[in-house]
Every structure is written in C-alpha cells, then in structure tokens.
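User: I have a model open on my screen and would like a close look at a single part of it. Could you walk me through chain A, and then show me how that part sits with the rest?

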Amino acid sequence: MAAIPERVHLTYLVNGEEVPVSFAPYKTLLEVLREDLNLTGTKHGCELGECGACAVLIDGEPKLSCLTLALECGGRSIQTVEGLAQGTTLHPLQAAFADHGGSQCGYCTPGMLMTAKALLDGNPNVSREQIKQAISGNLCRCTGYQQIVDAIESAAAEMRGARK
Amino acid sequence: MSAQEKRFDVVGKNRRRVDGRAKATGQTQFADDLVLPRMLHCKMLRSPHPHAVIEEILTAKAAKHPGVHLVLTGKDFPVPFGIMPVSLDEHALAPERVRYVGDPIAAVVAKDEQTAAEALELIEVKFRVLPTISSPQEALQNPEPRIHDYGEQGNIHRNQSYEFGDVEEALAASDHVFEDTFFFEGNTHLAMEQQASLAAVEGDGKLLLTTSTQNPHYLHRQLSRVLQMPAAHIRVIAAPNGGGFGGKCDPANHEMVVAKAALVLGRPVKICLTREEVFYQHRGRHPVLMKFRTGVTKDGKLTAMHLQTLLDGGGYGSHGPASTFYTGVLTPVTYELPRFKFEACRTFTNKPPCGPKRGHGTPQPRFGQEVQLDKIAEKLKLDPAELRLNMVTKRDSLTASWLRIGSTGLAECIRQVVARSDWKSRYDKLPFGRGLGLACSAYMCGAGVSIYWNKMPHSAVQLLLDRSGQVTVFCGATELGQGSDDVLATIVAEVLGIDTGLVRCVTGDTGITPIDLGSYSSRVTIMMGNAALQAAERVRETMAEAASESLGIPPDRVVFSQGRVFAAEDPGKGMSFVEAIALAEAKSGTLSTVGSYSPPKAPGKYKGAGVGPSPAYSFSACVVETEVDPRTGWITVPKIWIAHDIGRALNPVLARGQVIGGIYMGLGEALMEEQVFRRLPPKLSGALVHRMPSMLEYKSLTSLDMPEVDVALIEDPDPNCPFGAKEVGQGPLLPVMPAVANAIYDAVGVRIDEVPITPDKVLRALELKNAGKNPRIGPEQFPSVPYPKPIFVLPPGEGGDGGELKSPEDKPERKKVAA
C-alpha cells in the first residue's frame, strides 16, 4: 500500500481566483478554507452536516463544506461569502440581509447567503415557499427565519429588475 | 421648535444595524475566527461517567506524545469558581469528583487539534463509580451520596418559601380553588456558534482572553479568582457572539483552561468546543415540576395563589440560586393577585448544569399559570381574553410581593391580538381539529440587583468626540446578535442629532471599556441606554454652550439635528456638527464625558426582595392558531399573533426581529425542543447519557416549520427607560408555550399540561378522550418537598411595610382580614 502523503498540493478556483493549496489529506474543505486559506467567513456549527452554517458553492451548487473532503475539490470553482461583494459594493443579498434584519448574530449568515445565491442564480423569480424550501437545511437560532425570507425576497426582486 | 421638543432623527426609524454590513460580508470576527502567531490548540478530556470519584490520572504518555506542549489536570486549578457568590462549586478541571457525563477532567495543549485529540486518548483515568441521581424526585429520596457537600441538605441545593399575606385563608374564602400540576422539560440554547476562546500573554506580560461570552465582567472577576492574579493584569474581550440566549453567561471551564495554559507556556492557546461539548456545557432551561393552587371569585378575579416549584439543577450551581427565585417572583406581575405564596426547591442531579436560558426560570411557571387560567375561564364560562383583561395589573401599582409595576401596555396588547386574530368570531368556534389559544406574560427590563453585592453602577459609558467629527462610545456591554451595539449608537446619535454611521462602538472589552454587567436579564437597552443617554447629554451640554456663544443665543435654544447644530428659532443660523465639536474643543478642551446608571431602589425590604425588582416590566400577549390531525396527533401552527409592550422601538427592524426570534424559540420549546437523558443498562455502566447531543437529534424549527408571525409593537414610553424603550429580547418568548397548549385544547379538547407538546402526547390524550377518560397528559402528582417555614410579608394592601414579620404574633388574625 502506498504511503499516505503528509500533505497534498492542489489548485482551487476560489472566488474566481486560481489558488494553490497544500494541506493534510484528512482535512475537510471547511478546514482548508478556514485554516489554510484564512477564509474565516465560512462558519461551522456542528461539523456533522446538520446545521448548514458551512455552506459554500462548489461549481455553483450549494454544498456543506464540513462534509466535503478538500481532496475532492482540485480544479473546481469554490465560492464563499468573501467573493459575494464586488469590491466594496455589496451583493443585493448582502444589502438585503443587512437592511431587513436577516442577520442578528450573523453566524448563520454566510451559509444562508450562499444557499440563497444558488437559488436566485438559478431563478430569481421565486415564491416565499421556494425560498423557505431552499434554506430549510440552514439553521438559524436568532431570527425565526421570517426576516431572512423577507431579505431574500427583496434581493430577488432587485435581481429580477437588474436582469430586465 | 425647542431643543427638547425636536422630532426624532434616529429613534423609531427602520435602519440597517451598525454591525449589519460586517455580518453580511462575513467580516465579523467570532472567537474561533481569530488566529495568532505561534498559536497552540487545546482539547479537553471529559468524564464518561455521570458520577464518580477520580482515583488516579496518569498523564505521562499524553505529555510525551509528539507535538504536545502541556497537559493540565485538576491539581492545576485549586481555586473553585461559579457565577453566583453563593455557589462557587466548579473547578476548571475536576480535582477529585465528576458530576455529569461531560464534566472536564484534563486538558491537552498541542500544535494542532488533531494532535491534542490523539493525546487525550493516552490519558488514563481510574474512576470509582458512584450511584447517580437522575431526577429531583430521586434527589429528594436519596440524600446520599451527596453530589455536593454544600447546599441546604442532602441533594437539595436551594430551598425557599415566601408568603405574602395569608394564602390559606384567602383560598378558603374563594368561590373556586383550582389545583393543577405542570411539567416543563429542560431544553438548551443551541446557539449556532460553538463556544471558542483564545488566550494570550501580551507584550506587556498581561493576560488577554478573547472569548464567546455574554458577561465579560463576571468572567474577568472569576478569572482573577481562579488564576490568583490581580484583575488589572487580565483583559477579557467578548468577541461578537454567534448567539447566546443565556448559554454564554456562566464563566466556563474552557476559558479558565486556555488562560492558564497561555500563562504557563507564554504562547497563544485556542479552544473551540465541538457541538457535542456545547451540549455538555449546557446551562440551559431547568426542567421544572410545578403545582398551582389558585383561588378565584365567581366573576373571575384572582384571590390568592400557592405556587410550588421543583427544579432539576444538574451537577453544579450555575445561576441556580437566581433561577430558583425566577420560577416564581415574576408570577404576580401580570395580573392582580392579592395574596401569593411561593415555595421553590432546586436539587442537584448528575446531569449537565442548568442555568439561564432566554426568560430565565420564568417560562416554566408562565406556562402553568396561563394554561390554568384557560381552565379557569372555561369553568367560569368566561372568554379567556376578557378574563385576563379584567385583572391586568395597574400602572405604578405594587404586587403582593412588593414589586413596582411601572408602565404597562398589557391591556392594549390583549386588545391588539384579539382584534388582529379575529379572536371573537373564531375562538371556540372553529371546526374540530383547528383552534386558537391565548396567553400573556411579563418580563423584567434588567435585574435590579447585581449578581455580586455592591453599590456601584450597573452600566457605564464613556464618550469621546474629536475635531475629525468622529464619535466613539465605549461600553462594557456585549453584542450577541440582539443589537446592543445598535442601541448604543442609536441613543448617542439621537442626542447629538447625527447619523448612527458616525458613531463607532467599542464594546465588551474589560481592558478599555467602562464596566457594564453583561448581556443578561434584558438589561442592556435600559441600563446601558440610560448610561449612554447621560454621557451624550453631558457632551451635548458642553457643545451647546460653545455653540450658543457663536450663535448669540442661550444654550437651551441650541438644536442638534440632522448633522447640524443650529438656533431653534432660526434653523438657518447654525453650523455643521463637526464645526460645533471644534468650537467646543477650543473652549473646553478634549471632549469626553461619562455616564452611568444604577437601578432605583426596590420597595421590598424582606430577605430575597432583591430578585424580581426591575426599573420597568415589558408585557406581551399572544394568540396561536393550531391545526391538529386527530389521526396522528401532528400539530401544525399556521399563524401566530403577538403584541409586545416595548415602551418605544428604537429601531423597529431590530425590535421586530427580536420579537419573531423569541416566538420562534418559544414555539420550538412548545413543540419539540427537549434536552433529555436516558440511563444506560447496568451492563453498560448504568450511566445517564444524553439521548441527543447533536443538532440532528435535538429538534429545532426549520424555515419550513416556522409560521408567519404578525407583530404589533405597543409603544407607551416608560419614564425609567431611555426614550421610553423597554426590553424585547426575552418577553415575547414567554406566552408562546401556553398559547400553543391552549390552542390545542380549543382544537381537539385535550389538555397537555407539559412541555414539549409532541404528537405522541396529543394522540395519547385523544385516546383517553375517546375512552371517556380525563383527556389530559401531564404530571399526576407533586412530590412531598421539605420546604422551609415561609418568610411572611404583609402585602402593601394589608398595611405592611415591605419587611418580614419576625414573630408569628405579628401575623394578623384571620378573622380581621377574612373576606
């Protein structure tokens, strides 16, 4: 049996930028993002795939980074909360979360934002029920979800306007 | 327009919170996001036994494991600690005894978490297992083995009794006496952030601990005690908390451990608890068994209440002495209650310690009281809303227990939810399977007395302005997500007539911010807010004097609004806010003021009168609609209406967010959240273990379970509160659980007298109903508790002075006050 290497070397496309990474092979994508790339915007609430706080987009799809082996992500596009804003201009979802009370403690916010982004990138013409369905795997203990849904609905309206 | 009469610039406007942008960009740095050069990582070894003596700990193998820098055990922490001065019963690492599964025993500090975890496996601990106490009933039956060698007796931690007026006499004279027992299961905070702490010795040789804490001040004091270091050599920074809900109030073992390790090693040491460990840390809602004996007149007025509570405290004291009081002291605040007897007992058990969770000790008796009122209304054939409306406490009145009510909007809250839910045409009229339930509640706006006795302010604020136009406000208050920084900025901005974006908040740092006692008891808006108001008014006065000279008008005719400082009678005559600062700085020197706040003295004088008084009380009324499937017992909640008496909403977006968040947490407690334990079979040690130390097994509401919430904010400004603003963080949770229970009764005619109300219980009750039996699920009896002889206090209406009657002869003869 071949020896397990101490570290592996891969390249990710992180928020549109090619990034070489080197990490111990047992690490999850969550750990590599936070510990090796210093992208601490992505949070963890359980590290067991139960809470959704660590959601990021892998090739545009929302994935739980705590259940994704970092080894599997070579050459893939990874989007995190750090890549949402354009320079200092907030993404419509970010602005809406800030304005509508979508964040209280803010700990679930990055995971919520990325999950919502995947939803609206696919189709900004969504109902409240579709929004609730999309974020039903992301737990929030502060808001009771209502203002999060309000925020996503408001951002969706803005994004629909921008597409016209 | 006078300077005092100007319209609000900031208060009452929907605004983006001051920390909203950082949260939406992921830039808010929580404790586990922090990294320092040369940082090491810590993991703790926890007890697999609920109750055992530690006979031996062998750490040599772990210490020699490559990459390990330090192993700590109980002998490194000889000094105990605890949040309450009367319950200093915890050690950072257990020295000789473990009291629950998860009690920390040893800690390893290593180059990374993986190495630390490997080394934990190499620590050998020899335990002598002791019998375990799993419930308050067992604790009462088994005084031995004692879980702690302090407390009232056996395994009773706290035991108390108060009687305000002769309750038995009043019950005997009542038209009806209702006797009901209820049980409220324990549950936990489940904040999204797992607690993390980073300790470092700074360049000046002093200790810095950055940590997930709601109460950096109390932690600071306890660190000084445990580490035996002067407090002035320790700095605690409360990192922005990823939710608290009471779970980060207690000073925690892991905080002491990393602080000690950093001091020993001279290197930064970080720990982040796993989710499983967060369940062990707990300090959540106490399971409480309750018995209410309540007298009423035939037209639905309360005559007296005898309330008995029995709390399951878990393995340590935590906030227990306060929690015990809170299972009764706020009960008389909502409705007129001429006489009140309250007996409470907290026992130790071999489970994770219970402590404060949102509502601290009051949701349990609130559940019982409001469900019992529903039964009373039914028996007296009164509408439950009318019954309550006819007996709400009056503004500025005193309760039988000598609490001063202050402002109250409860009647308006009831009217609002009744109107908005179309209660009158729908309650008791919906088809079988659908129902409405109503409940009310009250909560305090800050505890009137500090956790440790002192005469110093409860909150202090320092304000610094300079010619650049920046306004920096320093305060020890901590941000948990509830919006305390936004409240602070709002109050300063309103007084100075500027945008909140100009105010920089520096908070929760014992090294540089004046002391605020912490984010608990819904105290921040009122106490920090009043301190901020004083500091801001002082600096405005200095600026108004300088501006008045330049404008040639009296200082009291200077208005601060919309970023300008101008003459009240001629708004065109004025200057920018920045120019006004420069004038004042030239005239008076550096512009810095302080403000502080101490709550008013409470009217009660008896021993124990310090728990319950508050500068103001908030009130809530709630209507819940339910749909119950009689085949499965499944409960759906399509809509909730809530009206909350907030005094004034400083930022309505945030206020509504707090209300909906409170409803959410209450609904979770009503329907599913429970922290329960099971005993392993004897061949597997017989230990008590969590049934569910994970987020998957501990059920909480998702976005799909959460109903639409209709929120009405009732604004009747309270004179004791800044701009009249009362609390909103805890109160709105309280009426949800009983409103759900009452709605289920309206829907299918069964009484579930315990929380959570799960489909299996509804189904069992429906089976009882179909069998012609009492359709009720709940505790059958209340055990015999050896409560002490009550402290007897005459209520204000009966000529008392707020003090205890020392001798029995002082107690009025029954015939004199007989109804």
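Analyst: Happy to. Let's start inside chain A, where 16 residues of domain 1 of chain A are in contact with 13 residues of domain 2 of chain A. Two elements of chain A, strand 3 (55–58) and strand 4 (61–64), each give two or more residues to the side of domain 1 that touches domain 2. Strand 3 of chain A gives the most to that side, with three residues. By class, the side of domain 1 of chain A that touches domain 2 of chain A holds eight nonpolar, six polar and two charged residues. Please keep in mind that this is a predicted model.

Where do those two domains run? The assignment for chain A places domain 1 at 8–83 and domain 2 at 92–163. Between the C-alpha centres of domain 1 of chain A and domain 2 of chain A there are 21 Å.

Now step back to the whole of chain A. Chain A has five helices and five strands, and along the sequence they come in the order β-β-α-β-β-β-α-α-α-α. With a radius of gyration of 16 Å, close to the 15 Å that the globule rule gives for 164 residues, chain A is as compact as a globular protein of that length. Along the principal axes, the C-alpha atoms of chain A fill a box of roughly 55 × 35 × 25 Å. Of the 164 residues of chain A, 53% count as buried. As for how the chain meets itself, take the contacts in chain A between residues at least 6 apart in sequence: 57% of them join residues at least 24 apart.

Next comes the partner. The contact between the chains takes 39 residues from chain A and 39 residues from chain B. On the side of chain B that touches chain A, helix 1 (20–25) and helix 17 (652–671) of chain B are the elements that give two or more residues. Helix 17 of chain B gives the most there, with eight residues. That side of chain B is made up of 16 nonpolar, 16 polar and seven charged residues.

Domain 1 of chain B covers 20–27 + 457–597, domain 2 covers 37–130 + 192–243 + 248–281, and domain 3 covers 160–187 + 284–448 + 606–777. The centres of domain 1 of chain B and domain 2 of chain B, taken over C-alpha atoms, are separated by 38 Å. Between these two domains, 15 residues of domain 1 of chain B are in contact with 15 residues of domain 2 of chain B. The side of domain 1 of chain B that touches domain 2 of chain B has four nonpolar, eight polar and three charged residues.

Last, a look at the packing. In soluble globular proteins, nonpolar side chains tend to be buried together. Here the largest nonpolar core has 292 residues, and those with the most contacts inside it are B:Val492, B:Ala532, B:Cys622, B:Val740 and B:Ile744. Helix 15 (residues 524–551) of chain B supplies the largest share of this core, 15 residues. Leaving aside neighbours within four places in sequence, B:Cys622 is in contact with several residues, among them B:Val417, B:Leu438, B:Trp641 and B:Pro735. There is also a second, separate core of five residues, which includes B:Val101, B:Phe677, B:Ala687 and B:Leu688.

Definitions and conventions: Residues are numbered from 1 along each chain as its sequence is written. Chains are lettered from A and ligands numbered from 1 in the order in which they are written. This is a predicted model: local features need pLDDT of at least 70, side-chain atom pairs count only at pLDDT 80 or more; totals for chains, interfaces and linings use all residues. Helices (H or I, at least four residues) and strands (E, at least two) are DSSP runs, numbered from the N terminus. The radius of gyration is taken over C-alpha atoms; the globule rule is 2.2 Å times the number of residues to the power 0.38. A residue is buried if 20 or more other C-beta atoms lie within 10 Å of its own, exposed if 12 or fewer, and partly exposed in between; C-beta atoms are placed from the backbone. Two residues are in contact if their C-beta atoms, placed from the backbone, lie within 7 Å. Ala, Val, Leu, Ile, Met, Phe, Trp, Tyr, Cys and Pro count as nonpolar, Asp, Glu, Lys and Arg as charged, and the others, Gly among them, as polar. Domain bounds come from an automatic or database domain assignment. A nonpolar core is a set of buried Ala, Val, Leu, Ile, Met, Phe, Trp, Tyr and Cys residues joined through C-beta atoms within 7 Å.
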